[in-house]
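Subject: Structure handover and findings

Hello,

I am passing on the structure we spoke about. Please look it over before reading the notes that come after it.

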There are 2 protein chains.
Amino acid sequence: MSMNYFYVVPLASLFALGFAFYFFKRMMRESEGTEKMKTIAQYVREGAMSYLKQQYKVVALVFAVLVLIFSVMAYFGLQNNWVPFAFLTGGFFSGLAGFFGMKTATYASARTTNAARKSLNKGLQIAFRSGAVMGLVVVGLALLDISVWYLILDHFIENADTGHKLIMITTTMLTFGMGASTQALFARVGGGIYTKAADVGADLVGKVEAGIPEDDPRNPATIADNVGDNVGDVAGMGADLYESYCGSILSTAALGASAFISNPAMQQKAVFAPMIIAAVGVFLSIFGIFLVRTKEDADMKMLMKALNRGVNTSAFFIAIFTFVILFLLGFENWIGLSFSVIAGLLAGIVIGQGTEYFTSHSYKPTRRIAESSQTGPATVIISGMGSGMISTVIPVVSIVFAILISYLSPLGFDIKNMLSAENIGMGLYGIAIAAVGMLSTLGITLATDAYGPIADNAGGNAEMCGLEPEVRKRTDALDALGNTTAATGKGFAIGSAALTALALLASYMEEIRIGLLRLGDTVLEFADGNTVEVAKASLIDFMNYFQVTLMNPKVLAGIFIGSMMAFLFCGLTMNAVGRAAQKMVEEVRRQFREIKGILTGEAVPDYARCVSISTKGAQHEMLLPSLLAIIIPILVGITMGVSGVMGLLAGGLGSGFVLAVFMANSGGAWDNAKKYIEEGNLGGKGSDAHKAAVVGDTVGDPFKDTSGPSLNILIKLMSMVSIVMAGLTVSWSLLG
Amino acid sequence: MSMNYFYVVPLASLFALGFAFYFFKRMMRESEGTEKMKTIAQYVREGAMSYLKQQYKVVALVFAVLVLIFSVMAYFGLQNNWVPFAFLTGGFFSGLAGFFGMKTATYASARTTNAARKSLNKGLQIAFRSGAVMGLVVVGLALLDISVWYLILDHFIENADTGHKLIMITTTMLTFGMGASTQALFARVGGGIYTKAADVGADLVGKVEAGIPEDDPRNPATIADNVGDNVGDVAGMGADLYESYCGSILSTAALGASAFISNPAMQQKAVFAPMIIAAVGVFLSIFGIFLVRTKEDADMKMLMKALNRGVNTSAFFIAIFTFVILFLLGFENWIGLSFSVIAGLLAGIVIGQGTEYFTSHSYKPTRRIAESSQTGPATVIISGMGSGMISTVIPVVSIVFAILISYLSPLGFDIKNMLSAENIGMGLYGIAIAAVGMLSTLGITLATDAYGPIADNAGGNAEMCGLEPEVRKRTDALDALGNTTAATGKGFAIGSAALTALALLASYMEEIRIGLLRLGDTVLEFADGNTVEVAKASLIDFMNYFQVTLMNPKVLAGIFIGSMMAFLFCGLTMNAVGRAAQKMVEEVRRQFREIKGILTGEAVPDYARCVSISTKGAQHEMLLPSLLAIIIPILVGITMGVSGVMGLLAGGLGSGFVLAVFMANSGGAWDNAKKYIEEGNLGGKGSDAHKAAVVGDTVGDPFKDTSGPSLNILIKLMSMVSIVMAGLTVSWSLLG
């Protein structure tokens, strides 16, 4: 096959970046409004940029150390020479995606407020198109990174045998996923701690003690709170999904290279297929973005409809196009494979709907939580946690169905031979491409996600500048819409993380193969005397050789450690938020006490001090959990070998996924239970029920915006670290 | 080998039951104190018994249905004919152990109060010896059940080949574990919901709203609260540990029968070894119980020392005796196997110490939670959850070490061949016997555990009868001591559940072997054409045949479902407590409103009404989570076959264990953070910090006493159900 098909990938990348630039420019042409609005926006922008600079400094240090380690490993032949470079670009592009997204968001918020002074529709347009910048930058940079690396490696890697050359290329490219993961982890954890320290601190003293509303300019932590939305929800989310997007495409390519090794005619196409589906998804996303428009006098329902129209149209067409793409590429089982993609898409949608059901106050679960606030904060917490735990059923059942269907469908549901050496590669390729399906329209789904914090900040700007109630009402409506789309977005983020991690699990075994070959181990010798060539061994052969079964105590030990990692990681990030928030509370209390006239509006609070407390807190607290996520997989590898690592990854994936859903949904439900009461139910604002609900919301903050989302990355990063360290693991480990 | 050794088992059983009877009689000779004390005790006793009767009615119904199903399965040859009977006796004895323990506890509490009027030491003696009744009844009935069934099956099962006869006997006996599990689950879940509905309800209205102290007779829910301690902490705990104790002994016996199949001289001894270690542990427990005595004018420290002396002496001697027993039985690797037992014992101790560190307010973690109460309830919840999640590290690391050491040690640390067909059986036998080691001194460790609620009730009795402050101070001291020993006890309960579940995982594969043989499948045919006789296949052969590897999508799907089960189960029980507590709150508020003079002490509240609300709430709410625990493993079996079930069990074990530790430790820490403030720190009783800490304590109630402990049973019950249903799973499954 010629490379012609491939060029749609860099083309899509350029399109995405081009439109991102176009939307950015158009947004910048709008006015930021009054002087006061400009000043506030400027404060937030500066706070966000200064934080991001700090964060990049820490991350740069970590990257320097890791690159050094990889270079040493490459020198000793435990990895190939491209790995340090791939790792670096992955990290760089992931950081860049977050940076551009945040830059855009901080420019867009005041402009959204100003547009909302005219109409709801104008506000939506600015906020959504700015969110689209983020979505398009992420997919554009991802496809750019993928295209460039593919071309470089295709040129430089020398191998007489095309089949193995493609395996070398794709497995090397996978390692830039680790760079993206590492960057994403720091962004999510650091950003998450920052935003919630500020938010919790601002709420505890402002709303609860001083009795002033959210985003009130008298609250010293209010700028930090708005900065937090940008560094956590925009930059963090961007880096996270950049990583899932790359990870799913690259692991599918790697699995394709291996599954089709004996069919050279199809191998290259199997490598290109996920890239091309993603590329077509980019065009459809841009198309969808343009569909999001409504009448000037639109109400909430019409706005929601407009957003849904964009997202659903893109999803619908990518489902159709998948059949076309896979047919044109010439896959024999194009229908089956297409259904894998659709299974992924559907799972994402169902998870999103489930999240909506369990977190929106239009439905029973959240209303019940609101009702339980009548007996105080304790029952709010108990019922919120109970409901969140129960809500894990829908995502798990969706993922289980997606796994089984996307595996079996490319095999024509040949259940009897589903695990034969010929079939397993194809089945796993099906699971991997399901993740690609779920993420193919990321350009637009991420736009609806990034739109949320922009609307949130727009509301903050309106409140701080004391704009008319009508404007504040409009920005509140935009914010509420953002909360709903965020629920769906979280469903995609979490579902795609699970499927991507599964694909990475399979890719890990491919890296083990490469590691063995690099060490010169060309033959697997089994206990019964049988031998299999490493280059031709199936994944089942590897499973048997390394005895990655559930009766192997190393696998079981790994599962325990993996499950623990999810909880330990959450515990550390929860405590980090708690500690940083407490410092914020003390600072705000101090300012109220020492700076006379703050509460009467006669004196300006020291916003900068609060920004710097959040920044320092996040810097200080993000290191330990992030480093653990990198170090533990390495430690497990050198003590318990391949089987221990597989156990670790599977245990971490199972527990981490369920824990992440639980935390996200409990947090979301508490947030909306509070809003439900604020809308005048059960006594409304200021009632005891409301106070109890505020406690729930505050507990939910780190749940849904720090610990929960960071788990997405933890489960991917642990896989990525294992993949990069595969060479070390196969060369030596304590218990074999 | 003659059966001589074996008779030490029924002998130990009779000794245990005899001493239990003796301690019971001696306790009954003591006076219950004043008329009022007697009346209160009578109320509690009646409430507890009436609840237990209700619970047994529901359980009897469930048992009737299950026995019917098993009989049908036996009729169709999917199970052997003994299973329904074994299942019934397991359930019956487990219920009996809870019943006797609770009966004793409800008689002992007023007597403890009365003894505490004389001295601290007298109070300790009554409470502890009554706890010992429970400990000894549990181990006595367990060994009785085991002995009788062994003798019956040995007599009736006909098989030309002794080796396979022993396998038949031990795997059949395993199924009475499912009876015990089912009973235990209902006891834990029902009792847990009962006790926390009453406790949370009593606290929310009494302490928080009306501002009256705990156990105040003016609070209508106070009797229900005291009843709850008995039905949850005594009867529930008894049934739980009865089940772990039987499960560990029986699964070790089953694994021994299989591991030594080719060595007839040792096989019978391998079956007897866990029973004999347990039997010797009974004698040492009784010895230890007699060591718990101190001077008349003893203070708290001396009491603690007295308790520790008893427990530690028993543990020390069982470690020594294990070497002797295994040497005398003639095991070649007696030293290695003994170290497996010691690894189990040590893991139990370390987990207990870790629990102590993370839940006692003598240490930093709990003090930090107390400090965070100064910024309100939200930060108390956040820091308590964070700390609880971090606390999972110690138990997981302990269990991982215990697994690896107890597996490798009987193999002489032959790491290279640790998974060879010859070694795997022996290694798994090592893991199983480690669980036996952990539980061997259950007679005394359970005594220190059951002592807690007795002391708690004694305090309640003193408060309700308005006894002198000096007495209340003494009962408080006894209660505080009980909280510390409960922490250690929980460590053992949770650690032993994990190791037992691992042993059951291996036993499950043995049941699959039996299931295949019963279906007439005598040969495993592999994809590569190789064949292995089912009767001689190693567990690794089964793993390969059923492809229970981490690349099998059914295994991965199972892991997801297992992880979800732990959360779903917790969510359902949390919500159940929330709902039942809300009903209790409404009832108490109603009584305060409608019965004039309650708060001034002029009118007597309607205690019975609250007791009946808790009873009904528990009955109603326990059914769904309990049935799920039974039905899901069956469903997974018939859809995804053996590999799906193994994934389910491993996923449930990993997540369930970590989640259980987290919930128990968060709950314990909140409780003690509140006590720390009540001792006069950070503002003391009545301060805002105290109010925030009470919220934490209330949230912690269902964490530590309902959902957390029920998880112990969930992970064992799911294994037990799978074991009993193995015949069905191998005969047919949708994907399998």
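Contact here means heavy atoms within 4.5 Å. That cut-off applies to the packing of helix 12 of chain B, described below. Please keep in mind that this is a predicted model.

Helix 12 of chain B

Helix 12 of chain B covers residues 393-408. Its 16 residues should span 22 Å at 1.5 Å a residue, and the end C-alpha atoms are 22 Å apart, which agrees. The buried residues of this helix are Pro395(B), Val396(B), Ser398(B), Ile399(B), Val400(B), Ala402(B), Ile403(B), Leu404(B), Ser406(B), Tyr407(B) and Leu408(B). What do they pack against? In chain A, the partners are helix 17 (553-594) and helix 18 (607-678). In chain B, they are helix 9 (334-359), helix 13 (421-439), helix 15 (469-518) and helix 18 (607-678).

Helix 11 of chain B, residues 377-390, has 14 residues. From its first C-alpha to its last it reaches 20 Å, close to the 20 Å expected at 1.5 Å a residue. Of the 14 residues of helix 11 of chain B, 13 are buried, so this helix is largely enclosed by the rest of the structure.

In chain A, helix 14 (residues 442-464) has 23 residues and reaches 33 Å between its first and last C-alpha, close to the expected 33 Å. Helix 14 of chain A is likewise largely enclosed by the rest of the structure, because 21 of its 23 residues are buried. After helix 14 of chain A comes Gly466(A), with a positive phi near 60 degrees.

Two packed helices are described by the angle between their axes and the distance between the axes.

Helix 4 (residues 120-156) and helix 5 (residues 162-210) of chain B pack at about 140 degrees, and their axes are 10 Å apart. That angle makes helix 4 of chain B oblique to helix 5 of chain B. The crossing of these two helices is right-handed. On the side of helix 4 of chain B, the contact is made by Asp145(B), Ile146(B), Trp149(B), Tyr150(B), Leu153(B) and Asp154(B). Helix 5 of chain B contributes Lys165(B), Leu166(B), Ile169(B), Thr172(B), Met173(B) and Phe176(B). By class, this contact has 8 nonpolar, 1 polar and 3 charged residues.

Helix 6 (residues 222-259) and helix 19 (residues 688-724) of chain B pack at an angle of about 30 degrees, with axes 11 Å apart. Angles under 35 degrees count as roughly parallel, and helix 6 and helix 19 of chain B are therefore roughly parallel to each other. Their crossing is left-handed. From helix 6 of chain B, the contact uses Asp233(B), Asp240(B), Glu243(B), Ser244(B) and Gly247(B). From helix 19 of chain B, it uses Asp705(B), Pro709(B), Asn712(B), Ile713(B), Lys716(B) and Met720(B). The residues of this contact divide into 3 nonpolar, 3 polar and 5 charged.

Is Lys704(B) buried or exposed? With a relative accessible area of 9%, Lys704(B) is buried. Not counting residues up to four places away in sequence, Lys704(B) touches Lys196(B), Lys490(B), Met663(B), Ala664(B), Gly667(B), Gly668(B), Asp671(B) and Pro709(B).

Val67(B) sits in helix 2 (residues 35-75) of chain B and is buried, at 17% relative accessible area. Beyond neighbours within four places in sequence, Val67(B) is in contact with Pro84(B), Phe87(B) and Leu88(B). Val67(B) and Phe87(B) are 20 residues apart in sequence and 7.6 Å apart in space, C-alpha to C-alpha.

Ile595(B) lies in the loop between helix 17 (553-594) and helix 18 of chain B and is partly exposed, with a relative accessible area of 24%. Leaving aside neighbours within four places in sequence, Ile595(B) is in contact with Arg590(B), Ala603(B) and Asp606(B).

Positive phi in chain A

Phe413(A) is not a glycine, yet has a positive phi of about 55 degrees. Phe413(A) is found in the loop between helix 12 (393-408) and helix 13 (421-439) of chain A and is partly exposed, at 45% relative accessible area. Gln547(A), also not a glycine, has a positive phi of about 50 degrees. Gln547(A) is in the loop between helix 16 (539-545) and helix 17 of chain A.

Regards

Conventions. Residues numbered from 1 in each chain as written. Chains lettered and ligands numbered in written order. Predicted model: local features only at pLDDT ≥ 70, side-chain atom pairs only at ≥ 80, totals over all residues. Heavy atoms only, no water. Axes fitted to C-alpha atoms, helices over the stretch in contact; angles between N-to-C directions. Helix = DSSP H or I, 4+ residues; strand = E, 2+ residues; numbered from the N terminus. Parallel < 35°, antiparallel > 145°, perpendicular 65-115°, else oblique. Left-handed = near helix turned anticlockwise from the far one by under 90°. Nonpolar A, V, L, I, M, F, W, Y, C, P; charged D, E, K, R; others polar. Expected span 1.5 Å × (residues − 1). Buried < 20%, exposed > 50% of the residue type's maximum accessible area, 1.4 Å probe, protein only.
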